[in-house]
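Hi everyone, thanks for coming. Let me put the structure up, and then I'll walk you through a few spots.

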Amino acid sequence: IGGATAAVRLFQRPDVTQLGGADVSKHFPSLPLGPSCQRVCWIRDPRSQSEWHGHGPPSSAWLRFHVARRKSGKRYPPYRRWTGVLLGFTLSPPFACAVTGEVGQFFAALGLHSVIFVDDVLVVCLSSPELRHDLHVIVSVFRWLGMRCNALKTVGPVVAMNWIGLRFAPREGHVTVTAERAASLLIDLDDIISAPTVRTKLLESVIGKLVSVSCVLRGSAAFTSRIHASLLD
């Protein structure tokens, strides 16, 4: 997976560098299982259950759903074939990264200077016309592969842009943490400091955010390492 370090390596001429970016829409759900694997992947559809199997009394949302279902007379089959990424979102990021890693090889073979982080692409050129051309190629390759890019998140050419929580400004000679990412980190760190106990989910979230900024935030790599050691304990 390319990150901030891989992106900085693309800035061969920071004084004239043009930046652009694209984001794959709904990347995880758009990656289907192969036909042979689909034949053996079936899941039970919870909408077909007429009895509550959750903890405590039935939730109001569950009750409203079944009242509406009975009125409509609609029936749901007990089993459905699973066609998306196997076993839900736990395996989605590594599977998605494996796919986009191969797409990144396509871009490299076409002579594009780009780096991909999961579903976000950063492309670098030395002129605005070249940047527009390369960005068009990137969007077209994703479309050819059956994926689409979010038009609202397709950026460029620009001389500075936000990407994966960082602000890249090669002409100014720096990479910084965005205000939104910094605010999110401060809130989570404050929760950790003030809480009598810290749950694993929050700890993992903070570690993930700190790893993404540790390449530009002095001292955070060692700090993140200590938190990761606590998580392993």
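**A quick tour**

Okay, let's start with Thr83, which touches Pro32, Leu33 and Gln38, leaving aside residues up to four places away in sequence. Keep in mind that this is a predicted model. Thr83 sits in the loop between β3, residues 79-81, and α4.

Now follow the loop into the helices. Helix α4 covers residues 92-109 and helix α5 covers residues 128-144; their axes come within 11 Å and cross at roughly 135°. Angles over 145 would count as roughly antiparallel, but this pair is oblique. The crossing of α4 and α5 is right-handed. Which residues make the contact? From α4 we have Val103, Phe106 and Phe107, and from α5 there's Ile138, Val141, Phe142 and Trp144. By class, that contact has seven nonpolar residues, with no polar and no charged ones.

Last stop, the sheet. Three strands make an open, antiparallel sheet, and the order is β7-β8-β9. The edges are β7 (161-163) and β9 (174-177); each has a single partner strand, so one side of each has no neighbour in the sheet. From one strand to the next, the twist averages 30°. Zooming in, β8, residues 166-169, pairs with β9 in the antiparallel sense over four bridges. There you can find Leu166 opposite Val177 of β9.

Key:
Residues numbered from 1 in each chain as written. Predicted model: local features only at pLDDT ≥ 70, side-chain atom pairs only at ≥ 80, totals over all residues. Heavy atoms only, no water. Axes fitted to C-alpha atoms, helices over the stretch in contact; angles between N-to-C directions. Helix = DSSP H or I, 4+ residues; strand = E, 2+ residues; numbered from the N terminus. Parallel < 35°, antiparallel > 145°, perpendicular 65-115°, else oblique. Left-handed = near helix turned anticlockwise from the far one by under 90°. Contact = heavy atoms within 4.5 Å. Nonpolar A, V, L, I, M, F, W, Y, C, P; charged D, E, K, R; others polar. Pairing = 2+ DSSP bridges.
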